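Hello,

Here is the structure I promised to hand over. My notes follow below it.

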Amino acid sequence: MEWFLPFTSLILVVVAPFIGGILSGIDRKLTARIQNRIGPPIIQPFYDLIKLWGKESFIASNFQVLLAFSYMAFSVVAFSLLVLAQDLLLIVFVVSLADVCLVVGSFSGRSPYSYIGGRRELLQMLSCEPILILAVVGIYMVTKSFLVSSILKLSFPLIAALPAVFLALLIILPIEARKSPFDISASHHAHQEIVRGVFTEFSGPSLALIEFGHWFKLVFFLSLLTLFWAPNLWLGAVLAFIFYFIVMIIDNIFPRLTWKFMLKVVWIVGFILTISNIVAVALLGGG
Amino acid sequence: MGVMAKARFKSPWILHFNCGSCNGCDIEVLACLTPRFDVERFGMLHMGNPKHADILLVTGPANRRNARVLKTLYEQTPNPKVVVAVGTCACSGGMFHNCPNVLGGVDKVIPVDVYVPGCAARPEAIIDGVVLALQKLAEKKVEG
């Protein structure tokens with residue numbers, strides 16, 4: 001078991017961007033089919049990425065490029081730490097660091113759209129980071145360790161002990177995947193509302209880096225959901241994909257809501273779910 | 001065709017700018033996005049941001065008021081880029097050609113690659129013009 005972990009991790013890290021790209025391709029195809037259109041080919045996101053990489057670079061400062069690169073790098077590091085079964089607390093902090101890089105990058109231009117997108121991105125972080133931390137605390141209560149490897153060593157799936165925490169993570173899945181009704185910072189579907197939000201000031205290669213990092217982040221979050229079903233990781237992965245497809249459909253049938261609504265829903269429902277689950281685990285003596 | 005040229009051909013992001021058109025051409029441009037024509041099947045996306053765009057789609061005649069805006073949008077679009085003038089007004093000034101505030105076609109302000117005539121240009125003609133522009137775009141090199 002021990003000796004092949006680095007190899008499987010390496011394969012997973014190499015395959016992850018392809019899974020992320022195909023998932024966003026399926027998303028665009030599915031959206032088109034729901035709207036009775038034919039839609040782009042499944043591999044469309046890869047064409048977009050290659051094209052963006054070949055575009056001329058318009059940047060506000062060199063620091064902005066560094067931040068776009070950091071967003072990508074930290075997303076890759078977070079996913080790598082997860083597949084190497086490392087510390088969950090560290091992983092959550094690395095993910096938020098990636099988001100911070102994106103926000104600071106969006107503030108480097110003078111565009112008001114970029115600014116408002118950056119502020120909304122901060123609000124998105126404000127709503128989902130506490131839930132993530134509480135989820136990690138819940139996992140600690142059950143496994144008595146922050147290490148991902150201790151989840152894999154459990155004799156029962158984590159979902160049996162933390163069903164409400166899993167539900168709370170499902171609520172923040174649309175935020176992490178930048179989907180309606182919580183897609184307030186990037187406004188993916190209504191392009192002209194705040195132009196392109198946080199991405200407005202990024203163009204060409206920097207935008208390609210951010211898109212690449214986003215695929216990693218998406219796969220990272222789906223793997224986090226998968227962990228709850230360990231030792232049945234295959235079942236978990238299939239379920240995570242099914243949940244993501246449900247998010248795609250919700251994305252198509254729901255309008256985008258305001259940040260106040262997002263904060264209220266995620267905090268009230270998320271906190272009630274996670275804290276009640278943690279209290280239950282504490283009372284019942286940790287699994 | 002190299003990988004980059006193919007990717008450019010397959011993923012054109014369009015910035016639509018209304019330069020004072022009567023909205024006839026604009027409605028036809030929007031009609032291209034509907035299920036009947038569905039330009040997204042060619043990978044085309046309607047962008048609101050010149051920094052993300054590859055194709056600048058201009059409708060309406062260039063006039064003294066918005067020539068500066070048009071020029072700025074052209075400069076904000078990163079290379080490689082192409083400009084498509086949609087409708088008779090954008091091609092030559094059309095019925096507004098001798099108005100005191102109208103400069104004429106869009107090519108009086110920025111270089112135009114493809115002209116799509118018609119009043120209003122039909123969606124089929126617009127898609128045809130954009131595909132023609134794509135062939136130019138795929139072969140272009142990144143400058144500066």
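**Chain B, then the cores**

Of the 144 residues in chain B, 49% are buried; buried means that 20 or more other C-beta atoms, placed from the backbone, lie within 10 Å of the residue's own. This is a predicted model: local features need pLDDT of at least 70, side-chain atom pairs count only at pLDDT 80 or more, and totals for chains, interfaces and linings use all residues. Residues are numbered from 1 along each chain as its sequence is written, with chains lettered from A and ligands numbered from 1 in the order in which they are written.

Chain B has 5 helices and 7 strands (DSSP runs: H or I of at least four residues for helices, E of at least two for strands, numbered from the N terminus). Their order from the N terminus is α-β-α-β-β-β-α-β-α-β-β-α. The radius of gyration of chain B, taken over C-alpha atoms, is 14 Å, close to the 15 Å from the globule rule (2.2 Å times the number of residues to the power 0.38), so chain B is as compact as a globular protein of 144 residues. Its C-alpha trace spans about 50 × 40 × 20 Å along the principal axes.

Now the nonpolar cores (buried Ala, Val, Leu, Ile, Met, Phe, Trp, Tyr and Cys joined through C-beta atoms within 7 Å). The largest has 74 residues; Tyr71(A), Ala78(A), Phe79(A), Leu169(A) and Ile210(A) touch the most other members. Helix H9 of chain A (residues 205-227) gives the largest share, 15 residues. A second, separate core has 42 residues, including Leu45(B) and Val86(B).

Best wishes

Notes: Buried ≥ 20, exposed ≤ 12 C-beta atoms within 10 Å, placed from the backbone.
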